[in-house]
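Trainee: Please show me the model, and tell me how to read it one feature at a time.

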Amino acid sequence: MITIRDVRTIPGDSGFLIDDGKTSILYDSGFAFTGYSLADNVKKALGERKLDYIFLTHSHYDHVLGACYVMKYYPEAKVVAGEYAKRIFEKPSARAVMRELDRKFADKCGVGDYEDLIDSLRVDIPVLDGDIIKAGSMEFLAIALPGHTKCSYGFYLESEKLLLSSETLGVYVGERSIIPSFLIGYKTALDSINRALELDVERILIPHFGAVDGETLEYYLSNIRKSTVDTCRELASILKSGGTKEDALQFFKDKFYHGKVVEAYPIDAMELNTGIMIDLIKKELLS
C-alpha cells in the first residue's frame, strides 16, 4: 500500500513523501531556507531507510530548492524533472533569481542567514512527455502539463490510479477554492487540464496541499476546468468593458486572496503572477 506523508515545514512550502514500503519518493522539496527542516522530516518518516527519488513538478524556487539540502542527507537519491527544467537549473541567471526570491520570502518569515546550496541544484533523470520512470515496483508515466510553466510535469501511477499533479491544473487551498495559475498560456493550460481529466484517477496529490480522494477529489475534478474558464471570462469581461489591468487584478484578489491563501502566497508574487495571467487573457481572448 502506498502512503503519502506531508513533510512540509511552513505554509507555502511543497513537499510530500510517497512510500510503498520499499521505495520512497519526495514529490517537490520546498524552499532553500526550509530545506534542512524538510530533510529532517523526511528522515523522521523513513528512519534508517534511504530516500530513492526526488520528483520535481517544475522549476519554481518554492518547489525545487529544498532538494539541494535533502541531497546532503541522501546523496544517492535520483532527481527526476522535465528536460526543460534541467536546462533552467543549469543557467546561473535562473539560479540567481531563485536565490533572490528565496531570500525575500525567508526575510518575510523571519529567517536570517542560512546555508546557500542552490548552485548544487541538479536533475539526474530528465524526462520528456510519455517517458516511464521505474521506481522500484512503481512505474510512473511522465505527463507534460505546460501552462503554469513550460516545464510543468505530472506523474501518473496507473496501477494505483494516482496522479502526482501540477499547478497548471490550479492551486487548491481547500475551502472549495481552486485558483487558476497559468503563466505561459491560457489555452495551453486548458489543453493540459483536459489531458489530466482523461486519466482514470482515484487519488490526486496536489502541490502545496496534499492528497485528495473521495468527495474532495470529485469536487476538484469537476471544477478545475470550470474555475479557470469562469475566472478568465470574468477578467476578460472587466477588461472588455473598459476596466484597467489594476481593476482586473483587484477582482482576482477579492475572489481568491483571503484565508489560507494569504499565509502561503506572498502578495508581491500573487500580484506578479496574476498580472502575467491578465496579459495573457488580453492576448488570447481579447486580441
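Mentor: Start with burial: a residue is buried under 20% relative accessible area, exposed over 50% and partly exposed in between, using a 1.4 Å probe and protein chains only. This is a predicted model, in which local features need pLDDT of at least 70 and side-chain atom pairs count only at pLDDT 80 or more, while totals for chains, interfaces and linings use all residues. Residues are numbered from 1 along each chain as its sequence is written, and side-chain values use heavy atoms, leaving out hydrogens and water.

Trainee: Is His208 buried or exposed?

Mentor: His208 has a relative accessibility of 18%, so it counts as buried. To place it, note that helices (H or I, at least four residues) and strands (E, at least two) are DSSP runs numbered from the N terminus. His208 sits in the loop between β13 (203–206) and β14 (210–212). Its phi is near 70°, a positive value in a residue other than glycine.

Trainee: Which phi does Asp28 have?

Mentor: Asp28 is not a glycine either, and its phi is positive, at about 65°. Asp28 belongs to the loop between β3 (24–27) and α1. Its relative accessibility is 0%, so Asp28 counts as buried.

Trainee: How is Lys187 classed by its relative accessible area?

Mentor: Lys187, a residue of helix α6, has a relative accessible area of 47% and is therefore partly exposed. Its C-alpha is 20 Å from that of Lys245, a residue 58 places away in sequence.

Trainee: Now contacts. What does Ser181 touch?

Mentor: Contact means heavy atoms within 4.5 Å. Setting aside residues up to four places away in sequence, Ser181 touches His148, Glu167, Thr168, Val171 and Met277. Ser181 lies in the loop between β12 (178–179) and α6 (186–197), and with a relative accessible area of 8% it is buried.

Trainee: With which side chain does the side chain of Ser181 make a polar contact?

Mentor: A polar contact is a pair of N or O atoms within 3.5 Å; within protein, one must be able to donate a hydrogen and the other to accept it, and residues adjacent in sequence count only if both atoms are side-chain atoms. Here the partner is the side chain of His148, at 2.8 Å.

Trainee: Where is Ser177 found?

Mentor: Ser177 is in the loop between β11 (171–172) and β12. Its relative accessibility of 11% makes it buried. Apart from neighbours within four places in sequence, Ser177 is in contact with Val171, Tyr172, Tyr219 and Phe256. The C-alpha atoms of Ser177 and Lys255 are 9.3 Å apart, although 78 residues separate them along the chain.

Trainee: In which helix does Met98 lie?

Mentor: Met98 is part of helix α5 (residues 92–108). It is buried, with a relative accessible area of 5%. Not counting residues up to four places away in sequence, Met98 touches Ser59, Tyr61, Val64, Leu65, Ile88, Phe89 and Leu121.

Trainee: Next, pairs of helices. At roughly what angle do the axes of helix α1 and helix α3 cross?

Mentor: Axes are lines fitted to C-alpha atoms, for helices over the stretch in contact, and angles run from 0 to 180 degrees between N-to-C directions. The axes of α1 (residues 35–46) and α3 (residues 66–73) come within 8 Å and cross at roughly 50°. Angles under 35 degrees count as roughly parallel, over 145 as roughly antiparallel, 65 to 115 as roughly perpendicular and the rest as oblique. So α1 and α3 are oblique to each other.

Trainee: Which residues in α1 meet which in α3?

Mentor: Gly35, Tyr36, Leu38, Ala39, Asp40 and Lys43 in α1 meet Gly66, Tyr69, Val70, Lys72 and Tyr73 in α3. They divide into 6 nonpolar, 2 polar and 3 charged. In that count Ala, Val, Leu, Ile, Met, Phe, Trp, Tyr, Cys and Pro are nonpolar, Asp, Glu, Lys and Arg charged, and the others, Gly among them, polar.

Trainee: At roughly what angle do the axes of α7 and helix α10 cross?

Mentor: The axes of α7 and α10 (residues 267–286) come within 10 Å and cross at roughly 80°. That makes α7 roughly perpendicular to α10. Cys232, Leu235, Ala236, Leu239 and Lys240 of α7 make the contact with Ile278, Ile281, Lys282, Leu285 and Leu286 of α10. These residues comprise 8 nonpolar, no polar and 2 charged.
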